Amino acid sequence: MDSPILELKNITKLYPGVVALDNVSLCFRKGEVHAIVGENGAGKSTFIKIITGAIKQTSGQLFFEGKEITDNSPQKAIELGITTIYQEINLFQNLSVAENIYYNRYDTKYGLINFKELEIKAKTVLDKLGVDINPSELVKSLTVGYQQLVEIAKSLSRTVKVMIMDEPSACLTNNELKYLFDIVKRLREEGVAIIYISHRLEEIFQICDKVSVFRDGHYIKTMDVAETNKSELIRLMVNRELTESYPCIQLQKGEKVLEVKNLTTEFIKDVSFSAYKGERLGFAGLVGSGRTETARAIFGADKLLSGEIYVHGKKVNIYSPEDAIKKGIVLIPEDRKKQGVFLYRSVRDNIVFSYAPKIANLLGIISKKKECTVCDEQISKLSIKTPSLEQLARNLSGGNQQKLVLGKWLLMNCDIIIFDEPTRGIDVGAKQEIYQLMNELSENGKVIIIISSELPELIGMSDRIIVMSEGRKIGELEGRDITQERILELASETRRIVK
Amino acid sequence: MITETKKSERIAINKYNFDWSSTGIIMALIVMCIIFSVTTKSFLSPNNFANISRQISIVGICAVGMTMVILTGGIDLSIGSLIGLTSVTAATMMSNEFPIWIAVLLTLLLGVAVGALNAAIINIFKVPPIITTLGTMISLRGVVYIITGGMPIYGLPEKFKVLGQGSIGIIPISVIIMVIVFVFGYVLLNKTPFGRRIYGIGGSQETARLSGVNIQKEIYKLYMLVGFLGAVAGMILMSRVNSGQPSAGDGYEMDIITAVVLGGVSVSGGEGKLSKVIIGVIFMGVLANGMMMLNINEYWQRVVKGVVLLLAVIIDIRSRERKSVVKA
């Protein structure tokens, strides 16, 4: 076997009071897709940051093509040919595709940028990827999936020897995912070493050659993907038996709770549907198809241009989230960190944030006692893991942060709960808990609306699924009709017609 | 229900890390006091303490409002001009023999109205607070000069001197007002839903909005409160100098902002404590007083104040970086 292109020896990273990585040794080879898995907080990010030079290890050595790197930095890593694709898009939305790909490396003629040359070069890179994007198009006019491809093109416009993909699939729908996999395969054939990080274990079996498991800052083991299976991986990750399954419940269709008619906003057109007591209603579609936007319209987060919303048969006017909450509609937003929790506020503050006026006395002062009682109740009900009520939300894991948002809403006496990507970036164990909670709520007669890019999750958790595309409702599937194929068909077929 | 996890142990260890942002300013204050008491004769006299406390009361009262504004990620540059405006309007009314209570009431209303104007421009036209209040700061100062014709207004009622010059026992009345305002502000920020919303808006405006906060309403309330406090400060200043000075409050916004930042309030919003801001206020007061006693010329005083502001921000950023590294 040839020598590794990248080798890490005895890497330890200490933060004051925390061992983030404990004596990890690992090597990566050319033309190999190497997955790294672990629950949140297992040390994956720290490990990646050390490779990319974003942080420096406390002890241990880093070898690239056999030579030790002692002065690693983001700049140095790029020069060596180590690039990273992050789950968030880091492109300039207001610049063209070509400008983004060659940002700050423009060809100039008499000190002016030679745009023609730039676009030709960009086109070459895009063609190499097999992507059909016009280089002069503005990035903001592309879908998230295509933007992700531009990111990849950007990194391939330099010499790449090691490519790190950090949750590249988090924002992609299944179609776009296939595309991504094709690219990964092509890169592998070209001899690039790929480090692949994902919470979606299925992907690892589809695309990776090797998989390394991390747990609590420790390196556990590396295996050939062919010689392991999902349940073994999960067991190694969480150190306990767990099945990734979707708890099933029997639905008794109750009265109609929510009805929306011809909802139209800047992003969606003429969306109509109803939801019933205790129902779990799923929304499928590609990113940007109008799933999230429909939720935001009902919740009053986007401005309604036309359309009507009925709750319990009564027409309601919703102009803001404030109005929606009063009518019993709540939203758990897709971007937990920016829209869901206050990262720098305590667990207590996050839970009672919206409820606070109700536990204030006549002078408007919040009763500390009531506040703590209320919080403790939610913490035990949702089994939120936190050392204390005063812990900052940012120190909790993704799953527990999500529970904070849920706890905030359960206090508000809501009937309709919209979950937008409820388990994105959440580890396996926490996912199960979230599913369990969703089912409990539905059994208690709440309407659960689920938006998810993970089809198995959506299918497993929904009684009925509405498929969206290009801002319109395309179809509705129920019972046995709900299959992955059928959903994909609906979500993508119309797309072609529209184009 | 509270589970002892590994995390709690981690936090406990972090507690022992020295937090320079809070202790640094107290140490600096103590060192400064020692230097001034050694180098000047009268720094330690009770008289001088009364003096300092009178001087800081105006900045202190406004700092409470400014803290809240900065916590939301905003800023109010117009506060100095508002002090000037309320100071000369109150003086004009009183010298024209308006009953004192009517003059006080109208002045407070004027302050609230100016705050509402700032909020309206921010809310309706989406002008960032720094630009909005820069505009009103310049305009209001113009209004002050128009009202006074550039001349001080004298002939104030004898009784009104009590506000800025009187004291109960040895404690100046203005200081008592400042303490009341601080307690009020502390309760408001830490014990009421309004305070939670202020911190929430600064932490993440979008999260706050999606949690059902009417952001615009809160901005109105907030800037109106700042206007009210500005009017209180304006009248105290007027009473202390026993006249309505057209230049009253000029440049105060910078002292106020510096005091708030020294108190560890993050200019990007969402983080900071009123209890620390009071130390920032005292720091600024002692610094100004000591430099005056040392006869340091006014130009140099400006240089020092600017450097202090920058140092405060640098320490704030450094300590934040260190914290974020710990959590990464």
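**The sheet and its surroundings**

Author: Let us begin with an open sheet of six strands in chain A of this predicted model; the strands follow the order S18-S19-S20-S15-S21-S22, and their pairing is mixed.

Reader: Which are the edge strands?

Author: They are strand S18 (329-332) and strand S22 (472-478) of chain A, each of which pairs on one side only.

Reader: And how are neighbouring strands turned against each other on average?

Author: If direction is ignored, neighbouring strands of this sheet are turned by 20° against each other on average.

Reader: How many bridges join S15 to S20 in chain A?

Author: Four bridges join strand S15 (residues 280-284) to strand S20 (residues 447-451) of chain A, and these two strands run parallel.

Reader: Which strands does H15(A) lie across?

Author: H15(A) lies across S15, strand S19 (416-420) and S20 of chain A, and the helix runs at about 145° to S20(A).

Reader: Staying with that helix, how do H14 and H15 of chain A cross?

Author: The axes of helix H14 (residues 398-410) and helix H15 (residues 428-443) of chain A come within 9 Å and cross at roughly 20°. Angles under 35 degrees count as roughly parallel, and H14(A) and H15(A) are therefore roughly parallel to each other. The crossing in which H14(A) passes H15(A) is left-handed.

Reader: Which residues meet there?

Author: From H14(A), A:Gly398, A:Gly399, A:Gln402 and A:Leu406 meet A:Ala430, A:Glu433, A:Ile434 and A:Leu437 of H15(A). Sorted by class, this contact of H14(A) with H15(A) has four nonpolar, three polar and one charged residues.

Reader: Changing topic, what domains is chain A divided into?

Author: Chain A is divided into domain 1, covering 6-238, and domain 2, covering 257-498. The C-alpha centres of these two domains of chain A lie 31 Å apart, and their contact takes 17 residues from domain 1 and 15 residues from domain 2.

Reader: Which elements give two or more residues to the domain 1 side?

Author: On the side of domain 1 of chain A that touches domain 2, those elements are helix H5 (144-156), helix H6 (174-189) and helix H8 (230-238) of chain A. H8(A) gives the most to that side, with three residues.

Reader: How do the residues of that side divide by class?

Author: The residues on the side of domain 1 of chain A that touches domain 2 divide into six nonpolar, eight polar and three charged.

Notes
Residues numbered from 1 in each chain as written. Chains lettered and ligands numbered in written order. Predicted model: local features only at pLDDT ≥ 70, side-chain atom pairs only at ≥ 80, totals over all residues. Axes fitted to C-alpha atoms, helices over the stretch in contact; angles between N-to-C directions. Parallel < 35°, antiparallel > 145°, perpendicular 65-115°, else oblique. Left-handed = near helix turned anticlockwise from the far one by under 90°. Contact = placed C-beta atoms within 7 Å. Nonpolar A, V, L, I, M, F, W, Y, C, P; charged D, E, K, R; others polar. Domains from an automatic or database assignment. Pairing = 2+ DSSP bridges.
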